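Hi everyone, thanks for making the time this morning. I'd like to walk you through one chain, so please keep the picture in view while I talk.

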Amino acid sequence: PKEGEALALGLTKYLEEKKCLAFISSHFEALKEYAFLSKNLDNSSMLFDEENLKPTYIFKQGTPGKSYALSVASRYGIKEEIVKTAREYLTSKGQNESDELTSILLKKINETSTLEKELENKNHILENERKRLEVDKDNLLKKRDNLLKDVEEEKAKLINKTKKEIDDIIKMLSNGDMKLHEVIELKKRIDELENKEEMDDFDEEINVGDYVSIPSLNMNGRVIALKGKRAKINSDSGFSFEVETSKLHKILEPENKQKKLPQKRNYEDIIKVDVSLECNIIGLHVEEARHKLIKYLDDVRLKNLHQVRIIHGFGSGALRKMTHEILKAQNDLTYRLGGEYEGGAGATVVIFK
């Protein structure tokens with residue numbers, strides 16, 4: 001065997017000098033050590049489940065394999081005194097130390113592979129969360145732009161209406177046959193036009209919870225926060241925005257508004273809903289799981305999530321069957337069983353269109 005190992009080492013060096021591509025399979029320790037030192041050679045092995053003494057069929061480049069002969073011999077009935085003597089012999093020859101170092105290296109590689117998979121999954125979750133936040137941001141910007149557009153349109157209407165009234169007054173003033181009561185009425189209209197801008201300013205004490213009117217925006221709403229001379233308003237139409245307190249006029253809340261419970265959820269309420277990227281229904285009865293799943297899908301739609309995962313496990317298959325029945329009835333999504341790193345057949349991945 002020693003001459004065979006030396007011959008294998010000589011042949012390997014010869015192939016290396018010829019710069020050819022070679023795939024060498026061997027148990028010789030000298031070859032493994034030489035591959036560590038050489039810049040042109042690289043160790044590789046098939047990972048082995050040491051706890052259960054079973055192959056994993058996973059190829060790993062960069063690490064040498066080790067022998068499990070004594071462990072297998074001990075497990076399958078070779079007398080312990082024989083195995084013990086063999087181990088003592090390996091220790092005396094320095095072989096055991098080499099195997100120990102190889103075992104430590106393999107353990108570190110397995111730990112690194114596990115961490116890489118976990119990191120990949122976390123990166124996937126973070127990417128989905130980033131995309132969701134981008135969608136929320138775009139929606140908020142659209143809401144803001146629409147609100148500003150509505151305000152500009154209202155201002156334009158008010159200006160046009162005022163201009164028309166001024167034109168009418170000018171025409172009436174050019175009429176020399178006006179009677180006294182017509183002059184008085186005209187004077188009143190002029191005063192109203194002069195005070196139109198001043199009517200937008202109010203000197204009222206505004207508190208959190210007050211129901212107010214914002215004449216300049218032609219909107220009503222409730223004060224939900226105060227900061228200096230500005231108030232945050234939750235409008236009847238579901239928008240939230242800030243405005244100066246001097247633009248607010250306290251009014252009575254309409255009765256139909258007071259009795260309407262629960263109130264319509266505005267957009268800020270929606271984005272505060274905490275929705276996970278997965279729903280675990282393992283351990284629940286079918287009906288309990290059904291209610292939880294339906295509510296979860298509704299919350300996912302509110303959050304505009306693109307992809308989520310339902311964890312139903314394997315078990316009897318009843319939870320998976322119920323899950324697929326519900327998903328099949330939805331028109332705005334597709335679904336599939338989980339992949340290798342998504343829980344396999346114990347989970348279902350849902351993708352919203």
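A word on terms before anything else: helices (H or I, at least four residues) and strands (E, at least two) are DSSP runs, numbered from the N terminus. This is a predicted model, in which local features need pLDDT of at least 70 and side-chain atom pairs count only at pLDDT 80 or more, while totals for chains, interfaces and linings use all residues. Residues are numbered from 1 along each chain as its sequence is written, and side-chain values use heavy atoms, with hydrogens and water left out.

Let's begin with the whole chain. It holds 10 helices and 11 strands. Of its 353 residues, 26% count as buried; buried means under 20% relative accessible area, exposed over 50%, and partly exposed in between, with a 1.4 Å probe and protein chains only. The accessible surface comes to about 25,100 Å², calculated by the Shrake-Rupley method with a 1.4 Å probe, where for residues only the protein chains shown count as cover. Carbon and sulfur atoms own 55% of that surface. Among contacts (heavy atoms within 4.5 Å) with a separation of 6 or more, 49% join residues 24 or more positions apart.

Now to strand 2, residues 54–61, which is where Tyr57 sits. Tyr57 isn't a glycine, yet its phi is positive, at about 60°. Is Tyr57 buried or exposed? It is exposed, with a relative accessible area of 68%. Asn304 is another non-glycine with a positive phi, near 60°. You'll find Asn304 in the loop between helix 9 (286–303) and strand 9, and at 35% relative accessibility it counts as partly exposed.

Gln307 is buried, at 16% relative accessible area. Which residues does Gln307 touch, leaving aside those up to four places away in sequence? The list is His124, Asn128, Leu277, Arg336, Glu342, Val349, Val350 and Ile351.

Next, helix 10, residues 318–328. Its buried residues are Leu319, Met322, Thr323, His324, Ile326 and Leu327. These pack against helix 9, strand 9, strand 10 (333–337) and strand 11 (347–352). As a reminder, an α-helix has 3.6 residues a turn, so residues three or four places apart point the same way.

How do helix 9 and helix 10 meet? Their axes come within 10 Å and cross at roughly 40°; axes are lines fitted to C-alpha atoms, for helices over the stretch in contact, and angles run from 0 to 180 degrees between N-to-C directions. The crossing is right-handed, meaning the near helix is turned clockwise from the far one by less than a right angle. From helix 9, Val286, Ala289, Arg290, Leu293, Ile294 and Leu297 meet Ala318, Leu319, Met322, Thr323, Ile326 and Leu327 in helix 10. That contact divides into 10 nonpolar residues, one polar and one charged. Here Ala, Val, Leu, Ile, Met, Phe, Trp, Tyr, Cys and Pro count as nonpolar, Asp, Glu, Lys and Arg as charged, and the others, Gly among them, as polar.

Glu5, Ala8, Leu9, Thr12, Lys13 and Glu16 in helix 1 meet Glu29, Ala30, Leu31 and Tyr34 in helix 2. These residues divide into five nonpolar, one polar and four charged.
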